[in-house]
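Biologist: Please put the model on screen. I will ask, and you answer briefly.

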Amino acid sequence: MKLTLNATPLIYLSKCGFLKIAKKLGLELMTTKEVVGEVLIPKFPEYIDMKGFIDENVEVVELKIGKEFINEELGSGEASVLTLAKQKKIGLITDDGVAH
């Protein structure tokens, strides 16, 4: 099963160890270049762990954000994972109320 994640779920699920369990369960994790740009900030203490985890376990996709998701209320990360989920017909884990 494939899942895409936006920034906050990616960070929190990584911290609690779920993402490593997800890999063992055969879940394929995907996110977008925009989300990676939001979570991989070198000055953050989690940077090294997050970078290693993403590099080894998450497929990072570059895509053009769908027109239907471009609006003032959604950030580029949320809009990009909504586009990815729609294009690939896969599940999405998000904490963004507007994205729901």
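Biologist: Which strands does helix H4 lie across, and at what angle does H4 run to E3?

Modeller: This is a predicted model: local features need pLDDT of at least 70, side-chain atom pairs count only at pLDDT 80 or more, and totals for chains, interfaces and linings use all residues. Numbering starts from 1 along each chain as its sequence is written, and side-chain values use heavy atoms, with hydrogens and water left out. Helix H4 covers residues 47-57 and lies across strand E2 (28-32) and E3. Its angle to E3 is about 85 degrees.

Biologist: How are elements and angles defined here?

Modeller: Helices (H or I, at least four residues) and strands (E, at least two) are DSSP runs, numbered from the N terminus. Axes are lines fitted to C-alpha atoms, for helices over the stretch in contact, and angles run from 0 to 180 degrees between N-to-C directions.

Biologist: In what order do the 4 strands form the open sheet?

Modeller: Two strands pair if DSSP finds at least two bridges between them. The pairing in this sheet is parallel. The edge strands, E3 (58-61) and E4 (91-93), each pair on one side only. The order is E3-E2-E1-E4.

Biologist: Which residue in E4 stands opposite Thr-4?

Modeller: Strand E1 (residues 2-5) runs parallel to E4, joined by 3 bridges. E1 also pairs with E2 in the parallel sense, over 3 bridges. On the E2 side, Leu-3 stands opposite Leu-29. On the E4 side, the residue opposite Thr-4 is Leu-92.

Biologist: Which residues of H1 are buried?

Modeller: Buried means under 20% relative accessible area, exposed over 50%, partly exposed in between (1.4 Å probe, protein chains only). Helix H1 (residues 7-15) packs on the sheet and touches E1 and E4 (contact: heavy atoms within 4.5 Å). Its direction makes about 110 degrees with that of E1. The buried residues of H1 are Ala-7, Pro-9, Leu-10 and Leu-13.

Biologist: Which backbone oxygen does the side chain of Thr-31 reach?

Modeller: Thr-31 sits in strand E2. Its relative accessible area is 0%, so Thr-31 is buried. Beyond neighbours within four places in sequence, Thr-31 is in contact with residues including Thr-4, Val-36, Val-60 and Leu-84. The oxygen reached, at 2.7 Å, is that of Leu-5.

Biologist: Is Lys-89 buried or exposed?

Modeller: Lys-89 is in the loop between helix H5 (76-88) and E4. Most residues other than glycine have a negative phi. Lys-89 has a positive phi, near 55 degrees. Its relative accessibility is 74%, so Lys-89 counts as exposed.

Biologist: What is the radius of gyration of the protein?

Modeller: The protein has 5 helices and 4 strands. The globule rule (2.2 Å times the number of residues to the power 0.38) uses a radius of gyration taken over C-alpha atoms. The rule gives 13 Å for 100 residues, and the model is close to this, so the protein is as compact as a globular protein of that length. Its radius of gyration is 13 Å.

Biologist: What share of the 100 residues is buried?

Modeller: The C-alpha trace spans about 35 × 30 × 25 Å along its principal axes. Residues 24 or more positions apart account for 70% of the contacts with a separation of 6 or more. The buried share is 42%.

Terms used
Polar contact = N/O pair within 3.5 Å; in protein donor to acceptor, adjacent residues only side chain to side chain.
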